[in-house]
Amino acid sequence: RAARAAVAVMVDVSGSTRGAGYRNRAELERRIKQLLGETPYHVSYFSDRNISVVAEGGTLGDLAGERTVFAPPAAAAVVLFSDGRFELPGIAPPVFVVADPELDRVDDAGVDRLEVRGGEVVAHVHNVGPAPRRVTLEGVATQPSVAIEGGGGAIVITREVRKDARVATAQVNGGDRWPENDGLSAPVAVGMRTQRWLVSNGAAARGAGEWVVMKPGVLPTDGAAYLAPSVIVLDNLAAGELSGAQLARVEQYVRDLGGAMVIAGGDRAFASGLYAGTALEALSPLASSPPTPGVHWMLLADSSGSMSEGVGETTRWQIAASAIARLIPNLPPADPVSVGSFAAELTWWSDGKAARETAGMALPPAGVAPNGPTNLAAALERIAREADGGLAGELLVVSDADTTIDHPDELAQRLKAKRIRLHLLAIGDGRGLEMLRAMTVATGGTLRRELDPRKWAGEVRRLLAAAWPERLIASAVKVQYEGDLAPLSGREVGPWNRTWLKKGASELAGATHEGERVPMCARWTVGNGDVIACGFVPSDAELAAMAKRIARPPRDPRFTVGWEAGARLVVRVDAAEEGRYLNGLALRLELADENDAARVSGYDVPQVGPGRYEVSLPAPRVRSFATLRQEGRVVDRVAVAGRYAPEFDAVGNDHAAMRTLAERTGGRVIDPGWVRPIDFPFPKREVALAPWLALGAAGVVGLGLIRWRMGD
């Protein structure tokens, strides 16, 4: 006879099942009792994971998840409440799929795909609900709004890209339970062309030929724009002339998009442009600071009681201390740094550690607070007494100058004897201001005055620029080219930037200065890209030669690349040369997050036929750059739309999947009209009849004996 066993009831509460009748708890319980009768069962709920308990209430809420995962437990059978939109399991007990009629009446409209190709925006949209909906497109030249009738399938809308557009968007107006799939946006990707960008304050003078010239202020911050240039030249620019967003894009262009860059020197570049600690220093094969310690930096913030005065939601002390601490990453990494504060006495937060180590510390340390008088004289006395004079010292002080100094001339001479220059940012008009002004002059330092706390950070950086060692050499030297640039003729240059060759870089030009060989031009690879840097202002011909050496070539005619960016990103490549298939190539697809240069994923593109390569993977969730490479060389690049979670790719009952699941497992689909208990295919168990037959026989014999006696 049948061996009755417990049944697993699994309830799909993923986002795609919103509106299902079984989401009503009372209806679910009624339906379970109707279908299971007296059969024992236990209930679990799932989306991308299984749980046994959900929140109280009359309606079952969503269990958040990127996609639905059906993972049935070990049970005699499974009764499944779901829309069937999941990957079917490889093995499962008999599954009885309960079709919910409400999930056959979905009213969803959404954007299935969005592409920008050939100067056009192409949007694939659907509306299966009964009412008309409207799609609004942004970044298009004409007809940005389109009505779509209800009850239909997918339609395709094509519009010309607006010339100034940076992002294209397709958005369906609200009105259904699934707003997640109502919109998509994609960068307007500029096709691969042989543009050469020249970013320069003197761009007009350099503008001959094929250069796209621009001032540093208009260098794009939109990531998609960087798909256009084959090379970017930064022509004698200071790091401060580019914003943080611009620097991030430039670094992403080289590291992740495989771009090429030339950093040209001059009176605003390298050390003169405060490259240390910036993306330009990281990208350059020439370092703007020596690899060994050259200067002892001393940074002091006034922590006297007057600094506790409030400025908006912060204090003068917090602004000053933060401005000092933010200088540390911009100091030469090998140079020692002492940083601290002073009031009645001097307190070092960190003393003499290398800048690269100090930059990783949390400064100012907890517990430091403004208190007491401004005793700057005692702090300067201690520094003059304890400094060993082995390295030149640059002392940067932020103070309101409300102090007295008994012998300022003598103290200034003691600092000068220890090779220490005093630089002061006066943030008040204290009684010691004129004495301190004289001391900065006597030590060879500088004094700046700024009373507005909002401007202190900028003024501190200007103070640092004034204190920076002079590394722009005026005397001319003879540059000799070598390596990739050997065809160029040597010449005298001056002034020039004193730089140092980084480990792993290849020298392309050098010179001799005071008997020492100094690097003047170098090249190296950064991430996926190449950078050339030269420590002088190159001529137009020299600049063109450098750019030509590393510029990325246009699209390789041997490859025909097809991109399909829907629920999955599919890349198809046909490779042939002179009618001959190219087989056995090493192709690789890289996806780089548009807003996070460090997030790069790589995938091999396998060969699937003669000269045919193909890869299919889930579409990225964020707007990304897709780069196809062949042995490291860029074959093609596009911008890809960020996509919503796979859970919302489609909604409503997937009856085909339900039938397949039931057939595979020996279950069945339970239609809405099914109202009787399910006849589960429980396994049979053997029941031994001998004991029951023996007992019955004994009973019969007993009854016979009783009757016989009664008959007597």
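Two strands pair, in what I'll show you, if DSSP finds at least two bridges between them. The strands themselves, like the helices, are DSSP runs numbered from the N terminus, with at least two residues (E) for a strand and at least four (H or I) for a helix.

Ile-232 stands opposite Met-261 in S16. S15 and S16 pair in the parallel sense, over four bridges. Before going on, a word on what you are looking at: this is a predicted model, where local features need pLDDT of at least 70, side-chain atom pairs count only at pLDDT 80 or more, and totals for chains, interfaces and linings use all residues. Residues are numbered from 1 along each chain as its sequence is written, and side-chain values use heavy atoms, with hydrogens and water left out.

Back to S16, then. How many of the five residues of strand S16 are buried? Five of the five, so this strand, residues 260-264, is largely enclosed by the rest of the structure. Buried here means under 20% relative accessible area, exposed means over 50%, and partly exposed is in between, using a 1.4 Å probe and protein chains only. Side chains in a regular strand alternate between the two faces of the sheet. In S16 both faces are covered: Ala-260, Val-262 and Ala-264 are buried on one side, Met-261 and Ile-263 on the other.

Leu-219 lies in it, between strand S14 (211-214) and strand S15 (229-235). Is Leu-219 buried or exposed? It is buried, at a relative accessible area of 2%. If we set aside neighbours within four places in sequence, Leu-219 is in contact (heavy atoms within 4.5 Å) with Trp-197, Val-199, Met-214, Tyr-226, Leu-242, Gln-246 and Val-250. From Leu-219 to Ala-245 you count 26 residues in sequence and 10.0 Å in space, C-alpha to C-alpha.

Now for two antiparallel sheets. Strands of a sheet pair through backbone hydrogen bonds, either parallel or antiparallel. S6 and strand S7 (residues 120-127) share eight bridges in the antiparallel sense, and the bridge partner of Arg-117 in S7 is Glu-120.

The other open sheet has four strands, S38-S37-S41-S42, again with antiparallel pairing. Strand S38 (600-605) and strand S42 (633-640) stand at the edges with a single partner strand each, so one side of each has no neighbour in the sheet. On average, and with direction ignored, neighbouring strands of this sheet are turned by 20 degrees against each other.

Arg-629 forms a salt bridge with Glu-590, the closest N and O atoms being 3.0 Å apart. Arg-629 lies in strand S41 (residues 624-630) and Glu-590 in strand S37 (residues 587-593), so the pair ties together parts that are 39 residues apart in sequence. Both Arg-629 and Glu-590 are buried. A salt bridge, by the way, is a side-chain nitrogen of Lys or Arg within 4 Å of a carboxyl oxygen of Asp or Glu.

How many salt bridges does a search of the whole structure find? It finds 36. One of them joins Glu-394 to Arg-421, with the closest N and O atoms 3.1 Å apart. Glu-394 is in strand S23 (residues 392-399) and Arg-421 in strand S24 (residues 420-426), so parts 27 residues apart in sequence are tied together. Glu-394 is buried at 6% relative accessibility, while Arg-421 is partly exposed at 26%.

Arg-612 and Asp-574 form another, with 2.6 Å between the closest N and O atoms. Here the linked strands are S40 (residues 612-618) for Arg-612 and S35 (residues 568-577) for Asp-574, 38 residues apart. Arg-612 is partly exposed at 30% relative accessibility, and Asp-574 is partly exposed at 33%. Finally, Arg-18, Arg-23, Asp-62 and Glu-180 are linked in a network of salt bridges. Thanks, everyone, and over to you for questions.

Note on methods. Axes fitted to C-alpha atoms, helices over the stretch in contact; angles between N-to-C directions.
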